[in-house]
Structure formats: structure tokens, C-alpha cells
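Reader: Can you walk me through this one? I'd like to start with the ligand and then look at the fold.

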Amino acid sequence: MGEGERQRAGGRGSMLLCCVVEHDRGSVGEVGLELLSTGHRVASELGVTHEAIVIGPGAGDAVERFGAYGVDRAHIVEHAQLDSYAPDAYADSVAQLIAAHGPVAVLASGTEKGNEVLAHVAARTGLPMAANCTEVTPGDAGGDDAWTLTRMRWGGSLLEDARLEASTKLLTLAPHAFEPAQAAEAGDVEVAAFEPQLDEATSYTRVVAHEPSGGGVSLASAPVVVSGGRGVGSADGFDMLEQLAGLLGGAVGCSRVATNNGWRSHSDQVGQTGTKIAPQLYIACGISGATQHWVGCKDAKNILAINTDPEAPLVTRGNYAVVGNLHEILPAIVDEVRRRKTTA
Ligand SMILES: Cc1cc2nc3c(=O)[nH]c(=O)nc-3n(C[C@H](O)[C@H](O)[C@H](O)COP(=O)(O)OP(=O)(O)OC[C@H]3O[C@@H](n4cnc5c(N)ncnc54)[C@H](O)[C@@H]3O)c2cc1C
């Protein structure tokens, strides 16, 4: 559906802003709360209502916390073809809600799913989309005024100021670029069920199985990530990193060299073409800190680099560094953490 068609179908009189909130069977993660906080802030600045779009099984459970994030109304989107993630079917659903309600903007998280779904929505509606925004300043509520954005380019190594101009703006927010702050006053959320009209063909691409990739703590949300690169030397060399991550309640990550060498799976990779993380502590072992890796870990609150090279970028950019051989340093750290845990 083109933009002109959308305007005829929905008009822009309803004055609302929508956030497409990701959830896992009703559980909303940190990036979802960041999204709702920003949605609430922007909707308040515009003086429009703040609405959420929640798709798939468990959507009803997800909205229970939304009142604290200033959501006025939640659209619960359920359909047999939405029982597992299917980007075309998700995008069709969002496009139909845009046609029905004509929001001034639709925001989503800048995750793989969020970016994929909104890109499909942009293709269907002919609306422009800005991905991975780190700052959002709206224009007037009227809808057509340009918004001023800062967005990530080149995997986050470049920040670009941009203007987004459309009756319905589509944008995704870079994960961890915004604080998940609750609204000053919690309100009631009106719940509206929406059953989209979906074609069989929209489910050709869909998730058919989930395979857990490790010890249970996800790389994206782990408070501590112990990560290894070329310096680890082998797949077996990651045993010591696994032990430290286990002791600290964290996850294991890696550089692309480790995935290219077959030492770790791609789901463990941190960086531009891997996962972007923001743990409390990132322990980088034998990783130089090339730009493509740095953009994935730079939001960590603390970085400890263990490296033989005192000039390695992660050593000079990190908060803490131990210069030396990781095969000697890591066992010493593991022994010390274990000793403190048993004597605590
Ligand atoms: C388009 C594109 C996308 C990319 N995406 C990513 C990405 O998502 N993630 C990513 O990581 N990379 C990515 N890369 C690759 C990136 O450019 C680097 O090549 C890669 O990050 C380097 O990995 P590394 O730090 O493990 O290896 P190296 O750069 O070779 O560094 C190894 C480090 O280990 C240290 N070392 C060696 N032995 C020891 C030891 N015994 N003890 C302690 N330290 C030791 C060395 O001093 C060195 O600093 C991408 C590249 C391109 C072109």
C-alpha cells in the first residue's frame, strides 16, 4: 500500500504514536522498555496518545507492565500465522494497523527482528524508515513536519544526523542508546484485540524451531560477558572463559576470528556483524579491538582487556587492562574468584 493510499484509508486525524514491542511469550526485555520509554517521551512532546503493538502468543501478558511506561492503548495482534516469528506476516499486521489508525510514527527496537519488520513495513507502505536511531527529536504533532534524528551507520562506527519527513515516520532505536525510564505516573492501558487479514504466502519465511545456544544466559542481556579472540588459540581454549563466565553468572562471547576459525558459533560473536551488547562488565581476552568489534562492545559499562600487546585498541580504550598472556592470567582469575566464593 502506498502512502497516498494509507492516508485515504487511515487519515492522520487520530494523533497517536505506536511502538512495536518485541516479547518472548509475554516477557519484554530491556530494549523493549527502552523503546516504550522513548515512545512515551516523544508522544508526550507531541501531545498524542502512546500506543503499543504487541504481536503473537503471550502478547496479552506482555502489556501488564506497559501502564508504568505511559502506554495508553495496546493493540494485541493474534492470528494462527503469527504463532511463530514470520517477518512478512508481522509486517502485514503492522501495515494494516497503520492503515486503520494513521499514527504519526511507528517505532520499533533496532534489533534484527525490529529492523527486519519495519523494513518490510516500509516496503509495503512506501513510507521512509530510519534505522538504529540514537537520538529522536520530533517536529510538530501534525505528522508531516520533519523529525531530527541521529542514526548509526556502518554498524555504529559513524553517527549521522538526519531529517525524517513523512505523514507516518518509521524508525528503530539502537539498543541501549536510550534509558528505560518509567513514566512519572502509571496509568491504565486500554487493550484492543486486532486480528489481521493474512495470506498463506506471508508465512513462507518463519521461525520453525528454537535451539538454545549455551548455558542459559543470553549474550545480549548478560550482565557479564567473557569474550575471546584469536589470542585464545583454539576451541578448547574457551574452556577457561566458560568457567569464568559461569562463576560470574555471565555469557561467553567472541570475535569474528573465533567464529571464522570454527571455535565458536556465530551466535556468540560480538560486533558489527554479531550481537551488540551493553553488559556491566566486558572481559575481552586476546581480542585486539578492531572497529567492527568495538562497535559491538563499546556500550559496556566497564571493559577489562587481557592482552599481550599494551598498544591494542581494547587495552587503550578499555577501563582496565592486564597486559600479559591470557593463558596464565585467566586461570589465576578463575582460582581467585572461586576461592572468594567458597570463603564468602
Ligand atoms: C565487514 C566486516 C565486519 C566485521 N564484523 C566483525 C564483528 O562483528 N565482530 C568482530 O569481532 N570482528 C568483525 N570483523 C573483523 C574485524 O575487523 C577483526 O578482524 C576481528 O575483530 C579481529 O579479531 P581478534 O581481535 O580476535 O583478532 P586480532 O585482531 O588478530 O587480535 C588478536 C589479539 O590477541 C592478542 N593476543 C594474542 N595472543 C595472546 C595471548 N596469549 N594472551 C593475550 N593476548 C593475546 C594480540 O595481541 C591481539 O591484540 C569484521 C570485519 C569486516 C570487514
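Reader: How do the residues of the shell around the ligand divide into nonpolar, polar and charged?

Author: This is a predicted model. In it, the shell splits into 17 polar, 7 nonpolar and 3 charged residues.

Reader: And which of the 27 residues come nearest?

Author: Gly229, Gly231, Arg256, Gly271 and Ser288.

Reader: Which element gives the largest share of that shell?

Author: Helix α8, with 3 residues. At least two residues each come from α7 (256–260), α8 (291–297), β13 (302–307) and α10 (326–343).

Reader: Switching to the sheet. What's the strand order?

Author: β7-β6-β5-β8-β4-β1-β2-β3-β9, an open sheet of 9 strands with mixed pairing. On average, neighbouring strands are turned by 35° against each other, ignoring direction.

Reader: Which helix packs on the sheet and touches β9?

Author: That is α4, residues 87–101, which also touches β1 (16–20), β2 (49–55), β3 (73–77) and β4 (105–109). The direction of α4 makes about 150° with that of β2.

Reader: What does α5 lie across?

Author: Helix α5, residues 112–125, lies across β1, β4, β5 and β8 (169–173), and runs at about 170° to β8.

Reader: How many bridges join β5 to β6?

Author: 4, and the two strands run antiparallel. Glu135 stands opposite Thr150 in β6.

Reader: Now packing. Which residues have the most contacts inside the largest nonpolar core?

Author: Val21, Ala52, Ile53, Val54, Val94 and Leu171, in a core of 59 residues. There is also a second, separate core of 39 residues, which includes Ala222, Ala245, Val257 and Ala305.

Reader: Back to Ala52. What does it touch, leaving out residues up to four places away in sequence?

Author: Ala52 touches Cys18, Cys19, Val21, Leu36, Val63, Phe66, Val71, Ala74 and His75.

Reader: Where is Arg25 found, and is Arg25 buried or exposed?

Author: Arg25 is in the loop between β1 and α2 (30–46). Arg25 counts as exposed because 10 other C-beta atoms lie within 10 Å, and the cut-off for exposed is 12 or fewer.

Reader: And His176, buried or exposed?

Author: Buried, because His176 has 20 other C-beta atoms within 10 Å and the cut-off for buried is 20 or more. His176 sits in the loop between β8 and β9.

Key:
Residues numbered from 1 in each chain as written. Predicted model: local features only at pLDDT ≥ 70, side-chain atom pairs only at ≥ 80, totals over all residues. Near = placed C-beta within 6 Å. Nonpolar A, V, L, I, M, F, W, Y, C, P; charged D, E, K, R; others polar. Core = buried A, V, L, I, M, F, W, Y, C linked by C-beta atoms within 7 Å. Contact = placed C-beta atoms within 7 Å. Pairing = 2+ DSSP bridges. Axes fitted to C-alpha atoms, helices over the stretch in contact; angles between N-to-C directions.
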